[in-house]
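Hi,

Here is the structure I promised to pass on to you. Have a look at it first, and then read my notes below with the model open beside them.

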Amino acid sequence: PPASAGSARAAPIVLECDVLVVGSGAGGGVAAATLAAAGHRVLVLEKGPFVPPEEVSGCEAEGIGRQYEKGGLLVTSDGAMTLLAGSCLGGGTTVNWACCIPTPKPVREEWADPKGAHRLGAFTSDEFEESTYTVLSRIGASTKGVTHNPNNQALLAGCESLGYPCDATMQNFREPSLRQAGWCCFGEAYNNKQGGLATYLADAARAGAKFLDKARVTRVLFEGGGGAR
């Protein structure tokens, strides 16, 4: 379990590290594990709480209230769309539905287009491809054993009869047929879903990384070598 930042009136905590990782979601977890394995002293800060598996009830109201940004009520500035985002140790990997879909090639090409709005060439690199499948392998993402409810079965049958391409999406469950898989978006009590808590954050901890939950980062100051900023 991580240490907790406590109340705003608590005495300042002085911690030393080589690398500070802000956020413990999909990106932060992989970064923390990789850097800790390389021998760096890693500290991970998470503004949300750590919810131990034994405290996960599977109740929708409790799960959303404790583990989602703004209790699941985060909306865009114009109020047109609700955004569901994890705000807990493990971030989105703790509250997602276990579907693991590699970024589609047309989307990556759009992001990498040198004449486009983003111009992020790394998304079409071999390194990005290799990194994606390294992560999918570590979290056990697979279509093996995935079962479908009647709604999905009807959709698959309809696509097949119309000649539309369709397939199951990979899921990162150790045991995909368990009934409780349907409630994993409210927290996971059995480590069946191989999200950050069961994989990369656990790897980071074994390599010596430290964690601090309920720690909202508002600014980072760098002192020396050109002054603070």
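Asp203 is partly exposed, because its relative accessible area is 22% and the buried class holds only values under 20%. Before going further, please keep in mind that this is a predicted model.

So what does Asp203 pair with? Its partner in a salt bridge is Arg138, and the closest N and O atoms of the two are 2.9 Å apart. The two residues sit in distant parts of the chain: Arg138 belongs to helix H5, Asp203 to helix H7 (residues 200-206), and 65 residues separate them. Arg138 is partly exposed too, with a relative accessibility of 31%.

Helix H5 turns up again in another pair. Glu129 forms a salt bridge with Arg108, with 2.8 Å between the closest N and O atoms. Here Glu129 lies in helix H5 (residues 126-138) and Arg108 in helix H4 (residues 105-112), so the bridge links distant parts of the chain, 21 residues apart.

The side chains of Arg66 and Glu55 meet in a salt bridge at 3.1 Å, N to O. Arg66 is in helix H2 (residues 60-67), while Glu55 is in the loop between strand S3 (42-45) and H2; this pair also links distant parts of the chain, 11 residues apart. Both ends are partly exposed: Arg66 has a relative accessible area of 32%, and Glu55 has 38%.

Salt bridges can also join up into a network, and Glu16, Asp18 and Arg41 are linked in that way. How many salt bridges are there by this rule? The count comes to 8.

Which residues form a nonpolar patch on the surface? They are Leu20, Val22, Val217, Val220 and Phe222, and together they have about 400 Å² of accessible area. With a relative accessible area of 46%, Phe222 is partly exposed, because a residue counts as exposed when over 50%.

Happy exploring, and write back with any questions!

Notes. Residues numbered from 1 in each chain as written. Predicted model: local features only at pLDDT ≥ 70, side-chain atom pairs only at ≥ 80, totals over all residues. Heavy atoms only, no water. Salt bridge = Lys/Arg side-chain N within 4 Å of Asp/Glu carboxyl O. Helix = DSSP H or I, 4+ residues; strand = E, 2+ residues; numbered from the N terminus. Buried < 20%, exposed > 50% of the residue type's maximum accessible area, 1.4 Å probe, protein only. Patch = residues over 30% accessible without salt bridge, like charges linked within 9 Å, V, L, I, M, F, W, Y side chains within 5 Å. Areas by Shrake-Rupley, 256 points an atom, 1.4 Å probe, with all protein chains shown as cover.
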